[in-house]
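Hi,

Here is the structure I promised to pass on.

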Amino acid sequence: MTLHIQSLAFRDFRNYESLALDNLGKVAVLVGQNAIGKTNIIEGVQLLTALNSFRHATIEQLTRHGASSARLQAHVTDGNRELSMELTLEGHAKKYRLNGKTKRPADLKGLIPAVAFTPDDLDLVKGSMTRRRTALDALGSQVNKNYYVVRRDYEKVIRHKNQLLKDEVAPALVEAMNEMVITCGSQLACYRAALLARLAPHLVSTYAAIAGGRETLEMRYSPSWETEDAPTEPALPHFSRDEARTALSRALHERAGEEQARRRAVVGPHADRILFTLDGQDASLYGSQGQQRSIVLAYKLAEAAVIEELLDQKPVLLLDDVMSELDGARREALVHSMAEGSQTFVTTANLAYFDQGMLAKSDVIELPLA
């Protein structure tokens, strides 16, 4: 059964010395003027659920000015289980506890999954490849603990390799590091390919419903061992880990000189390409703003569908001031998804974006709280 957040409590988090939200229902609409702290609540919920922050903030930034530490708590239930989640931010450490027992983030991944949708996400299509890879890996880390560990290990390895290349060490040392790049990188590439194979059908069908079937959306994945001028066929390739190891090893050998000259790693999952196309054309270049936003909305709803499919529970939806960024049809599609059962936290400065019937069934929380 899906876990539901019943209450939240923050202490010395961001601008809140103390915040308590109790008896939370299916939809919590956080309303208030800009810069009042609505987004901080969304971020706090994401830290307790997805275990990360869309702002990629440091502990110092997360802690209220003048305070030495911060604490976030959530009481959750599925009708049978009662769980207490706690996050303490102090010094350079994030410490999670579940029912009073210290837990590693890897142990909590997927327990209370979440999908966050912020105005910055609207650049997913026209933004950098890094943004797309990060979005995909964040999803993978929630639905597969091993994905989270492999991604974390790969990032450590590639940072080390980049430092070796920057320091212009002997090629033999770089080659030794490449063995770790191949081991972690091939596994990460396999995880990405498998996840995209699950995500793409939901993305395509959701986009078709939002856009009225006027054009065909396709998602393409090109591992870094493929050259940019030779797009991978099919659009979402399938390969075994051994095949990935062989392809990655070959590309590392062939481009070793380029890596030495550029003094940074150019082969590996950190250089994979993810592309959205509409009727075969790159949506980042040829898609209208409306089409690009429809793709992003469809992507977020597809994330929620994949989480439910793999974890057998609906994720918490965290919608930060996105209603003002969407037109009526796209807002309607988003509100429809909110009505399908996921607990939702949504921020706004204007309640006029919401149907009165929906508001009547929601917890409308005006900020600042007394």
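To start with the sheet: in what order do the six strands of the open sheet come, and is the pairing parallel or antiparallel? The order is S2-S1-S4-S5-S6-S7, and the pairing is antiparallel. Before you read on, keep in mind that this is a predicted model.

The edges of that sheet are S2 (16-21) and S7 (101-103), each of which pairs on one side only. From one strand to the next, the twist averages 20 degrees.

If you set aside the neighbours within four places in sequence, Gly 91 is in contact with Ile 59 and Ser 68. Ser 69 is 22 residues away from Gly 91 in sequence, yet their C-alpha atoms are 7.3 Å apart in space.

The next hairpin, S6 with S7, also has two residues between the strands, and here Asn 99 has the positive phi, near 50 degrees. Three bridges join S6 to S7, and the strands run antiparallel. Leu 98 stands opposite Lys 101 in S7.

Now the helices. H1 (residues 38-49) lies across S1, S2, S4 (69-77), S5 (82-90) and S6 (93-98), and runs at about 115 degrees to S1. Have a look at Leu 51 too, in the loop between H1 and H2 (59-62). Leu 51 has a positive phi, near 70 degrees, although it is a residue other than glycine.

The helix pair I'd pick out is H6 (residues 171-211) with H10 (residues 289-311). They pack at an angle of about 130 degrees, and their axes are 7 Å apart. Angles from 65 to 115 degrees count as roughly perpendicular and those over 145 as roughly antiparallel, with the rest, once those under 35 are also set aside, being oblique; that is why H6 is oblique to H10. The crossing of H6 past H10 is right-handed. As for what lines this contact, its residues divide into 14 nonpolar, four polar and three charged.

One more backbone detail, towards the end of the numbering: what kind of peptide bond joins Leu 367 and Pro 368? The bond is cis, with omega about 5 degrees. Pro 368 is in the segment after S14 (363-366).

Finally, the chain as a whole. It has 12 helices and 14 strands. The C-alpha trace spans about 65 × 50 × 40 Å along its principal axes. For 370 residues, a compact globule would have a radius of gyration near 21 Å, and the chain has 22 Å, so the two agree.

Cheers

Definitions and conventions: Residues numbered from 1 in each chain as written. Predicted model: local features only at pLDDT ≥ 70, side-chain atom pairs only at ≥ 80, totals over all residues. Heavy atoms only, no water. Axes fitted to C-alpha atoms, helices over the stretch in contact; angles between N-to-C directions. Helix = DSSP H or I, 4+ residues; strand = E, 2+ residues; numbered from the N terminus. Left-handed = near helix turned anticlockwise from the far one by under 90°. Nonpolar A, V, L, I, M, F, W, Y, C, P; charged D, E, K, R; others polar. Pairing = 2+ DSSP bridges. Contact = heavy atoms within 4.5 Å. Rg over C-alpha atoms; globule rule 2.2 N^0.38 Å.
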